[in-house]
Amino acid sequence: MECEKFNFLWSLVILYTWLIQGLPGTASLAENSAAGSEVYCFQLVLSPGASLAPGYPTIINSDPLTTDFIVSMHNTTQAKVSVTGNAELDFETAPNRFVFQILAVDSEQDSALQTLTVILTDVDEAPNENGANATHSSCLFPSYSLNVSVSDGNNAVSKTLIVNIVNINDDKPQFINKITSFTIPEELSPGVIVANITAVVPNAPPYDGFIFYTISTNNYLAIHRYTGLVTVANRMDCDSSPLRQNPTVTVTVTATFRPSGPPLANTIILDITVTDINDNPPICLPAAQRVAVLETEIVGSLITTVTCTDNDVDDNFRQFQFTGLSCLDCTLHFALNSSNRIVLKGSLDFEDPSNLLVGNEYRLLAVAEDKNDTSLKGSAYVYVTVTPVNEFPPVFSPSSYFYSISELLGRGAVIGAVNATDRDLPATPVHYSIISGGGSGGLSNIFFLDPKLGSIALLTRPDYETTQYYRLLIRAVDGDPVTINITEANDEPPVCGPNRTNLIVPVDQRGGSNVQGFILSCTDKDSPPTSFIYSISGASNLNNHFVFSPSSGTNVTRLLLKERFDFESGLDRVWRYSLTVLISDGNLRAGEAGSRARAPTQTGTVIINIQVLDPSLTTVITTTTVSKPRVTYITLTENTFSLDDWYVWFVIALGAMLLLAVLAYLLYHCCRWLSTADCSCCQPRPVEEREELIPEPATPKEEIILEVTKINTVFDGEAVDPVTNRVYEYNSKSGARRWKDTSIVSEYLPTQRRSSTLVVPENTDTSQQNSSSMQSLTGRVRTGTGLSQTRSEGEGRASGRSSQSPAVSVRGRKPETVPMTTIGTTSEV
């Protein structure tokens, strides 16, 4: 069978679990096939990122036992079964049917086991005279050939009898490992190799693969069924039970040999000793405490003792030292000695002005640092409250008072007041009382002293005739302050991070492995690090795929994938998880003497977003030669846009403002251009303006420039035109003229400024020319518009003439239409 027959079929199937495609199967093989003859082909599909383990695939079991077949790789994904040529595959002498198992193992220790059946077919062979007496033998199949004859006395019949003796191995597997005791450090990741156990069958050295390995029940170790590799299965922590009491794990490994007969087994005992590593910081208990100290405490007095311990087992890892005592503006008041005791170093006197700056309350921080690993630190907070002491008595100022009063004063009259002050701080109220000296006339006291204000008033009218002089003895007493002790309570929730982290988990990730290296770290102001308990809300953790390890007793924990995803069977349907992690500080396994539950327990929350990734959507597999490993490229696409990203809205707002500014700029210039544009060309022109003033001559030879001027002035003279004998009016200063008996007149003035162009043919009579020009101009004046009038007047003023209106000059063979102006009932030319 040719391997190329499978190329197209298996290229259409992409699976991400360990499978051998094409097996179980059956193949036919002609007898006496030469060494290297191809028997069968099958396909290997590896999980993403994995590669074949060395020495695989291989034949691990056969029935009957044979070394006539071998498995090798045809290319990076195809394997083939071939004939080795170790023995002759003779249909007449060898077994005709072979059944053997093929094992494939990858670098991730995933494996698959399938069965192949090879049927030997008979081939017509030439007779062999010596074949009847030949004896075929091999190390595994000794064969004996006998000629048996049967005769009845007259006739005889001969037949060849072949006897095959099959070797049956009845020896137990023997372990070749000489070392059975191993030492490993704690906290190894699951999957780390601890030992490699190998067993062999003495009489069948080529068939080591027939042995299967198992390990006795335990919580920490596992063994590969086919390779004998002993690996770490679960976390080993020497600092907690039961490894703290007994760090040695004893297991029994069983190697089972399964020949065609009953299975044979042998055992070996392994001792794995787990050693301690320096992974625990010093823990100070209590983590926070309050101490009240009198302001009169002398220097050197003990304030409190800081007690810290290290949970490591090894004594070398339990050593730590205090790096010092820190305190804001109070380092001169306290000190930490070599016995881990905080003692008073300076005065705490309330009345000292320098102590008033810190409010007579001090927050001390003692830090314990591991001697072997300075990154492992523990801390203890000590809050020192200074209690004031009533040191000074009240003092009257002045020390004596003298008042003169009239006997006419009545009940309630205030005669004066006394005042006493106290040097003690904080200031306390002074209470006043009369001890003696206020009695008179049978009364024990005729005076009233306000106990708070110190004012003295009369209880009755004094009688001068009875008593002229009173000597009062007044006592002032300062009140002692009220001291209130605040007891500690668990009122601070755990604060953990990182929060709202986005993680990606491949769909084929192994159970027990860390999810993308995620580590959760927690702190609590009023709880030790060993008090945390970690849990995941069941509603967010469907099928309980995720778990934290360790789940309690530490402030640092890892997120693990507890069980693999199973989307194929339909057990898992969710591809996105939003885990709600609850962190409680109610665990009291820290070993604190007399510890008891503090109510209420505080809980912190952390959100972890997890997306299960199916590499089939983004995986590109490149096939290389047999000598090079397969390369798998995985492309991950993630949308990192978030509505909380401030810069996104900033860029959008800035772009919008720039766009509005550009539009406003363009609109401004457009309006400005429209305001100055000449739109007169867009107005319809009268029919008369489109007519030619003078027909175009055939061959113009001469140009005559006419200037039409309009002058609004006073006509102070009259005269008769010698040609037409018509009467016209004129202005003696400007020379302007007009016909007296007509409303609109045009006149040819050759001496005026040229404002329009008339083309006159050569040899044309001047009088006729003037007459024709005058008629044309006269007709044009009647058809003038108000717009032309306004424009002419404006142009006239701009040229320095008070009322001159120049027309448009047009040069060429075909004169352009010249607009004229009509004002009132007359026009001036």
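Helices (H or I, at least four residues) and strands (E, at least two) are DSSP runs, numbered from the N terminus. This is a predicted model, where local features need pLDDT of at least 70, side-chain atom pairs count only at pLDDT 80 or more, and totals for chains, interfaces and linings use all residues. Residues are numbered from 1 along each chain as its sequence is written, and side-chain values use heavy atoms, without hydrogens and water.

Trp 646 lies in helix α2 (residues 646-676). Trp 646 is exposed, at 63% relative accessibility. Here buried means under 20% relative accessible area, exposed over 50%, and partly exposed in between (1.4 Å probe, protein chains only).

Now the aromatic pairs. The structure holds 17 of them. Rings of Phe, Tyr and Trp (its six-membered ring) pair if their centres lie within 6.5 Å; planes under 30 degrees apart are stacked, over 60 edge-to-face, and the rest tilted. Two of the pairs are tabulated.

| Pair | Centre distance | Plane angle | Class |
|---|---|---|---|
| Phe 396 and Tyr 432 | 6.2 Å | 45 degrees | tilted |
| Tyr 728 and Tyr 730 | 6.5 Å | 55 degrees | tilted |

Phe 396 in strand β29 (residues 395-396) and Tyr 432 in strand β32 (residues 430-436) are 36 residues apart, so their pair links distant parts of the chain. Phe 396 is partly exposed at 22% relative accessible area; Tyr 432 is buried at 7%. Tyr 728 is buried at 14%, and Tyr 730 is partly exposed at 29%.

Ring pairs also join Phe 546, Phe 565, Phe 567, Trp 575 and Tyr 577 into a cluster.
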